[in-house]
Amino acid sequence: MPRDRCVHIVDDDARVRDALTLLLSTAQIKSRSYASAEEYLASNKLQEPACVLLDSQLPGMSGLELLKHIIAAASDPAVIMITAYGDVPTAVLAMKAGAFDFVQKPFDAEALLATVEEALSRTDQTRNIPQEIEEFKARFALLTQREREVLALLLEGLQTKLIARHLQISARTAEHHRAAVIQKMQARSISHLVRMSLTSQWRPDSAK
């Protein structure tokens, strides 16, 4: 991870790049901006670890394609995907491909900065993976059968209305189960929930 706390911003919208640059500067975080995946590739050595804010929808090479290049080449990258509202399935797919996290437009400034700070400091922390797995299992054991089914669908990127339709329950009931899953699993967000499940190598068939 860059020691000078530098974040690479890859987004084809100049207004988004400028807004993110300004936001990061308020936390004394340097940034470099690129309008396309190709521009990023031409300016950086993929072998070097980097923290990247990467838009999923880019002209030319897509954000997901660039993510795969970065993950394959870098030793310890932290790529935060930027997605449009409602594009959770793409974000979940990105995390399964190795993204550190994802954020949705429009941004919540405080939440975005917290995610960036976590990404920048990740390599400074010694992770206890076995402990994280045991904690996930302990929390998972608290879920009811229906909540486990909702968890499996959340991890597929389904929105509440689609979960309700899939399970043939009301949207209100689905939202209640969704909230219970988030609370019992002690997840800060859906992306955090996805990350926990990936670390624990949890599979949807565990919901059955």
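Colleague: Where is the place of Q145?
Modeller: Q145 sits in helix 7. Keep in mind that this is a predicted model.

Colleague: Is Q145 buried, partly exposed or exposed?
Modeller: Q145 is partly exposed. Its relative accessible area is 39%.

Colleague: What separates the C-alpha atoms of Q145 and E38?
Modeller: A distance of 46 Å. Along the chain, Q145 and E38 are 107 residues apart.

Colleague: New topic. How many salt bridges are there in the whole structure?
Modeller: The search finds 9.

Colleague: Why can side chains pair like that?
Modeller: Opposite charges can pair when the charged atoms come close.

Colleague: What about E135, which side chain does it meet?
Modeller: E135 forms a salt bridge with R139, at 3.9 Å from N to O. The cut-off is within 4 Å, so the pair counts.

Colleague: Where do E135 and R139 lie?
Modeller: Both are in helix 6, which covers residues 129–140. They are 4 residues apart, about one turn of the helix. E135 is partly exposed, with a relative accessible area of 32%. R139 counts as buried, at 16%.

Colleague: Next one. What does K105 form a salt bridge with?
Modeller: With D11. The closest N and O atoms are 3.5 Å apart.

Colleague: Where are K105 and D11 in the chain?
Modeller: Each one is in a loop. K105 is in the loop between strand 5 (101–104) and helix 5 (109–121). D11 is in the loop between strand 1 (6–10) and helix 1 (14–25). The pair links distant parts of the chain, 94 residues apart.

Colleague: Is D11 buried or exposed?
Modeller: Buried, with a relative accessible area of 0%. K105 is partly exposed, at 24%.

Colleague: Last one. Which residues are linked with D11 in a network of salt bridges?
Modeller: D55 and K105 are linked with D11 in that network.

Conventions
Residues numbered from 1 in each chain as written. Predicted model: local features only at pLDDT ≥ 70, side-chain atom pairs only at ≥ 80, totals over all residues. Heavy atoms only, no water. Helix = DSSP H or I, 4+ residues; strand = E, 2+ residues; numbered from the N terminus. Buried < 20%, exposed > 50% of the residue type's maximum accessible area, 1.4 Å probe, protein only.
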